[in-house]
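Subject: Structure handover

Hello,

Please find the structure below, with the sequence alongside. My notes on it follow.

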Amino acid sequence: MWFRCSGLGVVACALSGAACAVTATTCPVGTKLTVTQRPEGRAQWCTVADTTNTALPAAGRSYETRLGLVQPTAMPGGIEGPFTSWYASGALQSHGGYKNYGGRSVPEGVWAFWYDNGQRRVLGEYARGVPQGCFAVWDETGRRETGIVEGDQLRVEVCTPPSDDDIVAIEGGGGRAARTPASSDFSLQAMAGPNRFGTANPDQVIQDPAMTLAFIASARKHLGRLRLGPIAGARLGNDPGYMALAIGGTAAWQLPSFHSRIDAEVSADLAAQRLRVTIAERRTQPGVASLEFWSPLPALQVSFAFALSPNLEALASARVDGFPARDVEREVVYCNFTCLAPVQETWRVGGVAYGAALGLRLVLR
C-alpha cells in the first residue's frame, strides 16, 4: 500500500537534500524502512527486521527485446514490500514491490519505470519474479505499445496492461510526475532584432526601413519527435507605410530533454512573404505611391519551452529568416492631387533578419 503522508518519508527526503518526490511507504509487519542516498539517486524499500540485509536492489536492468523491457532485479532474501527509487534529479525512476521467499526476494505485483525526464517507460506485473501477461512500454517520445510476455521477449500485441491506480498515486505524490505526450500545439511569438525591413530604395524619404517587430503564429501536429503544421507571420517596420505578411509551413524536431519541464526543439520554416510599401515617397518628387513585392521566406529557429502548466508553455527562441536581397525593377506612379508620369525605379528586395523571440504555446494532450 502506498499513499501520501509518512513523516519518515518526509524526513528521509529532507536529509537527502534531493528535490525528490515524497512517497510514503507503509512497510509490512515485521519489516523496517530502509532509505539510502546514492550519487545516482535516492531509494527506499522494506527490509525484514531480523536480517542485516541492507543491499540496495538495482532499479532495473535492460535487455534487448523489441519493446525494450526493463525488469526489476531479484535480490537475496530479506526484502519485502514496496520499493521506490528516484534519479539524482528527483524524478521517479521505478516503483513496485518485493516478496520475500525465504532466501530470495523477487519482484511481485505491478511495477512501473520512468525515464529521467518524467515520461513513463514500462508498466507490467510480476509473479514470483517472473513477468506475466500484458505489458505497456513507452519510447522516449511518449509513443505507447503493448505486448504479451513470452520468456524474455515481448510479442507486440494490442492488450490491456494491469491497472495503474497505485502508479498514478505515486506520480501524483510530488516531484515530477509524468506528462501525457502532446498531440498538437498552438503558439504565438514576437521577434525583435537589429535588422532592415526587406524593401529599400535610395531615392525614398525612408531609404532603408528597419524591422521593429515580427509576429509568428503556428499550429502543429505532433508525430513522435516530429512536429508539422502551417505557420503565419506579420512584420512591422519603423515607418507605418512598411509591413509584410507571410504564410507557409513548419517542421520541427524535438531535442533530447535535460529537464522534465523544459522542451527543446530545432525547426525549419518555408513561407512566402508579401512585402507592402503603402506610402512610398520620393525625395525629389511630390505625391505617394503603393507597391507590393513577393519574396521567399525560409527560416531556422532553436526554441526552448518551459512548462507553466500541463497545457501552457513559455517560449524563448533564437531565429534567423530571410532570403538573399535582389534588385527588382518597377514603374511607379506617384499621385498627389493628380497622378504623375511613371518613374522607373530599382528596389532592393529581401535580406536576412535575425533576433530573439518570446511567446506562449498552448499544448493539447
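Strand 22 and strand 23 (residues 289-309) are antiparallel partners, with 17 bridges between them. Within this pairing, Ala272 sits opposite Pro296 of strand 23. Strand 22 (residues 262-280) also pairs with strand 21 (residues 242-254), again in the antiparallel sense, over 13 bridges. There, Gly248 is the residue opposite Ala271 of strand 22. As background for reading such pairings, side chains in a regular strand alternate between the two faces of the sheet.

Please keep in mind that this is a predicted model. The average pLDDT of the chain is 82, and 84% of the residues score at least 70. Over residues 174-178 the pLDDT is below 50, and the model gives this stretch 14 contacts beyond near neighbours in sequence. Residues 1-24 also stay under 50 in pLDDT, with 45 contacts beyond four places in sequence in the model.

For the chain as a whole, there are two helices and 25 strands. The chain has 365 residues, and buried residues make up 46% of them. Among contacts with a separation of 6 or more, 54% are between residues 24 or more positions apart. The accessible surface is about 17100 Å², and carbon and sulfur atoms account for 61% of this surface.

The largest nonpolar core has 15 residues, of which Val277, Ala280, Leu291, Phe293 and Trp347 touch the most other members. Strand 21, strand 22, strand 23, strand 24 (312-332) and strand 25 (343-364) each contribute at least two residues to this core. There is also a second, separate core of 14 residues, with Trp45, Ile79, Tyr98 and Phe113 among them.

Ala280. This residue belongs to strand 22. Is Ala280 buried or exposed? Its relative accessible area is 0%, so Ala280 counts as buried. Leaving out residues up to four places away in sequence, Ala280 touches Gln204, Gly287, Val288, Ala289, Leu291, Tyr334 and Trp347. Two of these contacts, Leu291 and Trp347, are listed with Ala280 among the core residues that touch the most other members. Gln207 is 73 residues away from Ala280 in sequence, with a C-alpha to C-alpha distance of 9.8 Å.

Asp321. This residue is in strand 24. Asp321 has a relative accessible area of 4% and is therefore buried, the cut-off being under 20%. What does the side chain of Asp321 make a polar contact with? The partner is the side chain of Arg235, at 2.7 Å. Apart from neighbours within four places in sequence, the contacts of Asp321 are Arg235, Leu297, Pro298, Ala299, Gly351, Val352 and Ala353.

Arg128. This residue lies in the loop between strand 12 (120-127) and strand 13 (130-138). The phi of Arg128 is near 55 degrees, a positive value in a residue other than glycine. Most residues other than glycine have a negative phi. Arg128 has a relative accessible area of 57%, so this residue is classed as exposed, for which the cut-off is over 50%.

Regards

Key
Residues numbered from 1 in each chain as written. Predicted model: local features only at pLDDT ≥ 70, side-chain atom pairs only at ≥ 80, totals over all residues. Heavy atoms only, no water. Helix = DSSP H or I, 4+ residues; strand = E, 2+ residues; numbered from the N terminus. Buried < 20%, exposed > 50% of the residue type's maximum accessible area, 1.4 Å probe, protein only. Contact = heavy atoms within 4.5 Å. Areas by Shrake-Rupley, 256 points an atom, 1.4 Å probe, with all protein chains shown as cover. Pairing = 2+ DSSP bridges. pLDDT = per-residue confidence, 0-100. Core = buried A, V, L, I, M, F, W, Y, C linked by side-chain atoms within 4.5 Å. Polar contact = N/O pair within 3.5 Å; in protein donor to acceptor, adjacent residues only side chain to side chain.
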